[in-house]
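Biologist: Could you show me how to read buried residues and helices in a model? I am new to this.

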Amino acid sequence: MENVFRQRKFKNFWSILLISCIIFSACKNIHSEKNASDGYLLHEMQNAVDNCDTMLILKEPILSKDIYDAYIYLYQYDPYVIGLSKKLSIKPLQNDEYVERVSFDYLYSADEINEKKEEMNKFINKITSEFPSTKKKEYLAQYIYDTLLLDFEYCDNEKDSNTAYSALVLKKGNCQSLSKAFVLLCDKAGIDAGYVVGTLNKMPHMWNFITIDGIEYQCDLTKGIETPQSYFLKGSFDDDRVYNQQIVYLAD
């Protein structure tokens with residue numbers, strides 16, 4: 001699982017999902033040998049979660065705030081994460097500001113998580129093998145959008161309801177699961193995609209944007225469950241939503 005992220009900010013930030021500029025700067029360079037130390041924290045946390053490790057011992061103490069920010073970032077936006085709990089345990093040093101150990105909590109055993117990963121990868125491979133034979137990105141995006149919404153059930157109170165696994169395999173989930181699955185499949189199709197974080201009707205909400213031929217479009221799969229074409233490839237949406245933060249997903 002190799003992926004890097006960077007962000008572009010809107011004027012107002014949704015405080016719940018506020019991620020420090022330090023972490024986002026680091027994310028852009030986690031696979032760069034020249035700047036390997038810049039992305040050490042997130043890179044190590046990604047590897048630990050990918051391997052279902054329960055403990056990560058840092059090579060040097062890191063600010064507890066940066067640990068929490070990186071964890072939130074990983075939990076909220078990595079489409080490959082399955083079974084990671086919201087709980088995070090850290091072992092601070094005497095001054096309570098720096099951390100040397102991070103403990104991860106999972107909803108399932110390592111074997112169960114690996115089984116779910118294999119199952120998700122099968123669905124990803126099946127969907128990508130059935131991509132339309134066209135170079136037009138808008139047609140590919142439409143296919144991904146329609147495929148994810150087919151027989152999809154909105155659900156926000158189960159273990160995996162915020163994961164791409166839920167949207168792809170279980171065909172149910174919330175705005176996060178749909179957004180993660182969409183950005184993952186768009187990446188497979190060679191479409192630049194990312195997340196938009198904000199509010200809708202004053203409630204936290206996440207949806208997507210994609211860039212085609214240099215033009216940026218909005219896609220909201222969650223709202224599209226009811227009226228699909230009203231929320232696909234739009235410049236903006238005419239409803240009571242606030243755009244707070246935009247996050248670009250990149251993979252290499």
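Biologist: Is Thr-199 buried or exposed?

Modeller: Buried means under 20% relative accessible area, exposed over 50%, and partly exposed in between (1.4 Å probe, protein chains only). Thr-199 has a relative accessible area of 16%, so it is buried. Keep in mind that this is a predicted model, where local features need pLDDT of at least 70, side-chain atom pairs count only at pLDDT 80 or more, and totals for chains, interfaces and linings use all residues. Residues are numbered from 1 along each chain as its sequence is written, and side-chain values use heavy atoms, leaving out hydrogens and water.

Biologist: Where is Thr-199 found, and which residues does Thr-199 touch?

Modeller: Thr-199 sits in strand S7 (residues 192–200); helices (H or I, at least four residues) and strands (E, at least two) are DSSP runs, numbered from the N terminus. Contact means heavy atoms within 4.5 Å. Not counting residues up to four places away in sequence, Thr-199 touches Pro-204, His-205, Asp-240, Arg-241, Val-242 and Asn-244.

Biologist: Which residues of H5 are buried?

Modeller: First, the general idea: an α-helix has 3.6 residues a turn, so residues three or four places apart point the same way. In H5, the buried ones are Leu-140, Ala-141, Ile-144, Tyr-145, Leu-148 and Leu-149. Viewed down the axis of H5, these fall within an arc of 160° (taken from the directions from the helix axis to the C-beta atoms), so they line one face of the helix.

Biologist: What covers the buried residues of H5?

Modeller: The cover includes helix H6 (164–170), helix H7 (175–188), strand S8 (203–212) and helix H8 (221–224).
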